[in-house]
Amino acid sequence: MERVIAFPLMGNYYVPSSFLFSKISDCEILKPPPITSKTIELGSKNSPDFVCTPFKYTLGTYIECLEMGANTLIQMGGGCRYGYYFELQQKILSDLGYKFEYFNLVSMGHADLKNIYKIIKKINPKLNKIKSLYYFCLTIKMVKYMDKVEDYIRQNVAYEEEKGKLNQLFDSMLDDFNMVKTFIGLNRVYHKYKKLIESVKLNKPKNNIKIGIIGELYTLMEPFANNNLEHLLENYGVEIKRFTNVTYLLFEKGKKTKKYLKKLDNVKYKMGADAMDNIYYTKYLIENNYDGIIHIKSSFCTPEIGNMGIIGKMCEESDMPVLFISTDTNTSNVGFETRIEAFYDMIEMRKKNG
Amino acid sequence: MKIGIPRSLYYYYFKDLWQYFFEYLNIEVIVSPETNKQIMDLGVKYSNDEMCLSMKNYIGHIAYLKDKCTHILIPRIDNYGLSNQTCTNFLSTYDIINNIFDINILNYNINLKNNETELKGFLNIGRKLGINKKYIKDAYIYARVKSSKIKKEKVLKNLKNLRSDKRKILLVGHPYNIYDKLIGEPIINMLKSLNIEIIYCDLFYTKNEYDRYSKGLYWKYNKENISSISKCIDRIDGIIFLSSFPCGPDSLVNELVIRKLDKPYINIIVDDVESSGGIETRIESFVDIVNEL
Amino acid sequence: MDKCYLGVDIGSISTKGVIIDEKYNILSQNYIWTEASPISAVKELISTLSIPKGYKLSGIGTTGSARKLIGLMLGANVVKNEIICHAYGTLNYYPDCKTILEIGGQDSKIIIINNGIITDYAMNTLCAAGTGAFLSSQSKRIGVDINDFGSLALSSKNPVKIAARCTVFAESDLIHKAQLGYKKEDIVAGLCKSVVLNYLNNVGKGKKIKEPIVFQGGVSKNIGVVKYFNEILNTKVIVDDNSHLMGAIGAAILSSKESSDKEYNLNMNEINFETKGYECKGCSNNCEIVRIIKDGKLIDSFGNRCERGTIAK
C-alpha cells in the first residue's frame with residue numbers, strides 16, 4: 001500500500017511541512033482542502049462538546065483527508081491538551097471506520113528530536129539519517145524566513161500603495177521555497193524576495209494605529225479560526241504585531257520564557273502553554289505605546305482563561321484598550337466584525353481626543 | 001500566625017499531610033468551611049466567567065479566608081515527572097490568586113522535572129516562616145507517616161466495599177469535585193439513599209494501570225482516576241464520571257475511556273451547583289439500569 | 001427646506017427606524033420585527049416613516065447586524081457598528097452618562113464612557129445565553145407571552161435559581177425546574193435574574209460600572225430584568241422610553257455629521273432589491289459570498305475572505 005500523508009492546516013505552515021515530508025520520504029503528500037464550514041461541521045459533530053476548538057478543526061480536516069485517500073495522519077501537539085488530541089482523535093476516526101496510521105510528533109510540548117526521527121523512520125524505513133537531518137535543518141530555516149517576512153508584512157501591509165502587492169510577493173516566495181534544494185538556494189530566494197518586499201512603496205502615516213494580537217496559538221495562526229482577524233485590521237489601516245509563530249513556539253520559547261518571567265513582577269511562574277508569554281507581551285505592548293491589544297482564543301482554552309484576569313488588570317492600570325474574544329465553531333462573521341470594528345472606532349476616538 | 005487553608009482543589013489531595021505538618025509545628029490553622037452558597041457566590045464574583053467550576057470554587061474559598069488569617073497556603077504543582085503533568089490551572093493558580101487578592105500567600109512549588117520535590121517545598125515554607133530546617137524535616141516526616149496511614153485505612157475500606165453484596169458503582173472524578181459539599185456530596189448522598197455501594201476512584205494504590213484505556217495519557221491526576229477503573233472494572237456494576245464544566249483534561253480523557261468501556265456509565269458535568277438540572281433524575285434512572293443487570 | 005436624517009437599526013429580532021431634524025428631535029419613528037428578512041423588514045419600515053413637509057432627507061445611517069446590506073440598499077452615507085451608534089444616540093439624551101448596558105436579540109454589550117468618549121466596551125464572548133433571543137425561546141418553552149414576562153416576574157417573591165451560563169445547561173435546568181412544579185412566576189423571575197447575573201459576570205466582568213447607568217436594547221423593555229439590575233447593582237438604571245431606538249438615533253446623528261448637500265429619497269417600492277448567496281469557487285476557499293442585486297444589476301458583494309472574491313462580481 002502506498003502511503004498518503006496528510007496533516008492539519010495552520011496558516012501558511014503547510015508549505016514547509018509538505019516540503020519536509022516530500023524530501024525525506026517518497027510518499028504522496030495530500031494537500032488538505034481549505035477549512036470550510038463543512039470541515040467544522042464534520043469536526044464538531046464527532047467531537048466531545050467541551051473540547052477546545054482546534055480539536056474540532058483538525059478532526060474535520062482529517063475526515064476530509066481520509067475521504068480523499070490519505071492513510072497516514074500527522075499531528076503536532078502542544079503544552080496543554082493539544083498534546084493529548086492525537087489519542088482521542090485516533091479513536092474517534094477508527095470508530096468512524098477509517099483505516100489509517102497516526103503519528104504524533106510533539107508530545108507534552110516537547111519537540112523531542114529522537115522521537116521525531118523514530119516516527120519518520122517508521123514512515124520511511126529507508127531514511128538516511130544525514131540526509132533527513134539536512135532537510136530538517138533546511139525546513140527550520142525556511143520556517144524562520146517565512147515568519148520573518150510575515151512579521152514585516154503584518155506591520156506594513158495596511159499601508160502599501162499598490163494593494164495586494166506584498167501578499168502577492170509573499171505567495172510567490174512560498175512557491176519558490178518549494179523548489180529549493182540547498183541552503184544556498186533557500187538563502188538566495190529569501191534575499192531576493194526580502195529585497196523586493198522591502199522595496200514595495202508604503203504610505204505609512206506617522207501616527208498610525210498599532211494593535212498587538214495575543215492569545216491561544218492555533219486561533220492566532222489559522223485565519224479561518226480567527227475569522228480573518230488580521231485581514232480585517234489591515235482594512236482599517238492598522239499595523240499589527242503578533243508574537244506567536246512556529247519559530248517562536250518550537251525554537252525560541254524554551255529560552256525566552258525564562259527571560260520573560262524575570263521581567264515580569266506580577267507573575268512568578270509559568271502558567272501553562274503560552275499564558276505567561278502573553279502576559280509578557282501585554283507588558284511589551286503597553287511599554288511600547290501600542291494603541292490596543294486583542295486577546296483571542298478558542299472557547300474553553302484553560303491556560304488563556306487563566307491569564308485574562310491578569311492581562312485585564314494590567315491594561316486597566318495603564319489605560320490600554322483591550323478586547324477579549326472567544327471563538328467557537330459557530331462564531332458568526334457579522335458578530336465578529338462588529339466587535340473588531342467597534343474596537344477600532346473606539347481606539348480612533350480615543351486617539352483623536354488625546 | 002494563623003495559616004488559612006482553602007477547603008478546595010489541593011486540599012483534597014493534601015489535607016492530612018498539611019494538618020499534621022502544622023500540628024507538629026504547633027502552628028494554628030484555619031480551614032475554610034464546607035462549600036456553601038456564600039463561598040460559591042464569592043468565587044463567581046472574583047473569578048473569570050469562563051473558568052471551570054472548580055477554579056471558581058477555589059477562588060471562593062480564598063475570598064472567604066482572606067481576612068481571617070495571616071497567610072493562605074497555595075501550592076503550585078507543575079509536574080511529578082515528565083509524563084505526570086497537571087492541568088494548567090494547577091500551574092497558574094498561584095499567579096491568578098496573587099493578582100486577584102492582596103493577601104499573604106504561603107507558596108511552595110512541586111516540579112520534579114526540575115528536582116523540586118515536596119520536601120524541598122516544605123523546607124521552603126519553613127524558611128519563609130523562620131523555622132529551622134531540622135524541625136521542618138521532622139514535621140514533614142511525621143505528617144507523611146501519619147497521612148499515609150490514614151490513606152491506607154481508607155484504601156482498605158474501599159477494597160472491602162468492593163466485596164459488598166450491594167450493587168457497586170465506581171465514582172470517577174477529581175477528589176475536589178467528588179468530596180465537595182455542593183458538587184459531589186449531593187450525588188454521593190443520592191447513591192447511598194438508593195442503597196448503592198460507592199467505590200471511590202482516589203482510594204486505590206495504583207501503578208500506572210491506565211494504559212488499558214489510554215497509552216499517551218500524561219496528566220497525573222487523570223492517570224490515577226483511570227487506573228482505578230482498571231483496578232476494579234470486573235467487580236463493579238457501573239461507573240459515574242463526574243466533572244466540573246468545562247474541565248480540559250476530563251473533556252478528552254473521559255470521552256476516550258467511555259468509548260472503550262463495556263460497563264454502564266453516565267457522564268455528569270456540573271456547571272452550577274445551585275441548579276443541577278435534573279441530575280437527580282439521571283442518577284435514579286442510572287441506578288435502575290444498574291439494578292436490572 | 002430644513003434638513004432631516006434617517007437612521008435605521010437592523011437587529012436580528014427587530015428593525016428600528018427614526019427620522020430626526022438637525023437638532024436631533026425625532027420627527028418620525030417606528031419599529032417592526034425583522035423576521036429573518038432584513039430587506040423586506042426595512043422596506044416595510046420605511047413605508048411607515050414619513051418626512052414632514054418642509055424637510056428634505058440629507059443623510060442616511062445604518063447600524064445593526066445587517067448594516068452593510070441595508071446600507072447598500074438605501075445608499076446610506078454612514079454605516080456604523082452598534083456600539084458607536086448606541087453611544088452617540090444615548091449621549092444625545094444623557095450627556096453625563098458613564099455606563100451603557102445593552103441587551104439585544106443576540107448580542108449584549110457594555111459601553112463605558114468618560115467625558116463623552118468611549119473608553120472601554122465589551123460584548124458577550126460566548127453564545128447567545130442571556131440575550132433577547134434566549135429569553136423569548138425560553139418564554140415559549142414555559143408558555144408565557146414574552147410581553148407578559150416582565151410583569152409576571154415582578155409578582156414573584158422567590159425567584160428560582162436557573163443555570164444560565166450556557167444555553168444547553170439553561171434549557172435542561174428550566175425543564176427540570178418546571179417539572180418539579182415551581183410556580184411560573186418564580187421561574188420567570190429566576191430567568192430574569194439569571195440574565196442579569198450572567199451579564200454582569202460575563203460582559204460586565206471587570207468593568208467599572210459607574211452612574212449614571214443607561215440600560216437599553218430590546219430586553220430593557222422587560223421590567224423584570226430592570227428590577228434585578230436595580231437590585232443587584234444597588235442603584236437605579238435609566239431606561240428611556242426610546243431605549244430601543246438609541247442605535248437608530250445614533251446612526252442618524254452620525255449621518256448628519258457626514259452629510260453633504262445631496263438629497264436622498266425614500267421611495268423604496270420601485271426598487272427591486274435582492275441578495276443572492278453563493279459559494280465562491282474563485283479560489284479554493286469556498287467563501288459564502290452575498291451578492292447584492294439592485295434593479296437586476298449587481299451593485300456589490302461581500303463575505304469574501306480574500307481579494308479574489310471581489311472579482312466574482
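Visitor: How does helix H1 of chain C lie across the strands, and at about what angle does H1 run to S2(C)?

Guide: In this predicted model, helix H1 of chain C, residues 38–48, lies across S1, S2 and S3 of that chain. Its direction makes about 35° with S2(C). Helix H2 of chain C, residues 67–74, also packs on the sheet, where H2 touches S1, strand S4 (55–64) and S5 of chain C. The direction of H2 makes about 160° with that of S4(C).

Visitor: In which order do the strands of that open sheet in chain C stand?

Guide: Strands of a sheet pair through backbone hydrogen bonds, in either a parallel or an antiparallel sense. Here five strands follow the order S3-S2-S1-S4-S5 in chain C, and their pairing is mixed. The edges are formed by strand S3 (26–33) and strand S5 (78–79) of chain C, each of which pairs on one side only.

Visitor: How many bridges join S1 to S2 in chain C, and do these strands run parallel or antiparallel?

Guide: Strand S1 (residues 2–10) and strand S2 (residues 14–21) of chain C run antiparallel and are joined by seven bridges.

Visitor: What is the pairing in the open sheet of four strands in chain A?

Guide: That sheet has the order S2-S1-S3-S4 in chain A, and its pairing is parallel. Strand S2 (28–29) and strand S4 (101–104) of chain A are its edge strands, each pairing on one side only. Within the sheet, strand S1 (residues 4–6) and strand S3 (residues 72–75) of chain A pair in the parallel sense over two bridges. Ala6(A) stands opposite Leu73(A) in S3(A).

Visitor: Let us turn to domains. Which domains does the assignment give for chain B?

Guide: The domain assignment of chain B gives domain 1 (2–147) and domain 2 (163–292). Taken over C-alpha atoms, the centres of these two domains of chain B are separated by 25 Å.

Visitor: Leu53(B) lies in helix H3 of chain B. Why does Leu53(B) count as buried?

Guide: Leu53(B) is buried because 26 other C-beta atoms lie within 10 Å, and the cut-off for a buried residue is 20 or more. Leaving aside its neighbours within four places in sequence, Leu53(B) is in contact with Ser244(B), Phe245(B), Val270(B) and Asp271(B). By contrast of position, the C-alpha atoms of Leu53(B) and Ala143(B), 90 residues apart along the chain, are separated by 30 Å.

Visitor: Which residues touch the most other members of the largest nonpolar core?

Guide: Ile169(B) and Leu171(B) do so, in a core of 256 residues. The largest share of this core, ten residues, comes from helix H7 (residues 184–202) of chain C. Apart from neighbours within four places in sequence, the contacts of Ile169(B) include Leu191(B), Ile196(B), Ile236(B) and Val290(B).

Visitor: How many residues does the contact between chain B and chain A take from each chain?

Guide: The contact takes 30 residues from chain B and 33 residues from chain A. On the side of chain B, helix H4 (88–100) and helix H10 (248–259) are the elements that give two or more residues. H4(B) gives the most, with nine residues. That side of chain B divides into twelve nonpolar, twelve polar and six charged residues.

Visitor: Which domains are assigned within chain A?

Guide: The assignment gives domain 1 (4–127), domain 2 (129–204) and domain 3 (205–354) of chain A. The C-alpha centres of domain 2 and domain 3 of chain A lie 24 Å apart. Their contact takes nine residues from domain 2 of chain A and 14 residues from domain 3 of chain A.

Definitions and conventions: Residues numbered from 1 in each chain as written. Chains lettered and ligands numbered in written order. Predicted model: local features only at pLDDT ≥ 70, side-chain atom pairs only at ≥ 80, totals over all residues. Pairing = 2+ DSSP bridges. Contact = placed C-beta atoms within 7 Å. Axes fitted to C-alpha atoms, helices over the stretch in contact; angles between N-to-C directions. Domains from an automatic or database assignment. Nonpolar A, V, L, I, M, F, W, Y, C, P; charged D, E, K, R; others polar. Core = buried A, V, L, I, M, F, W, Y, C linked by C-beta atoms within 7 Å. Buried ≥ 20, exposed ≤ 12 C-beta atoms within 10 Å, placed from the backbone.
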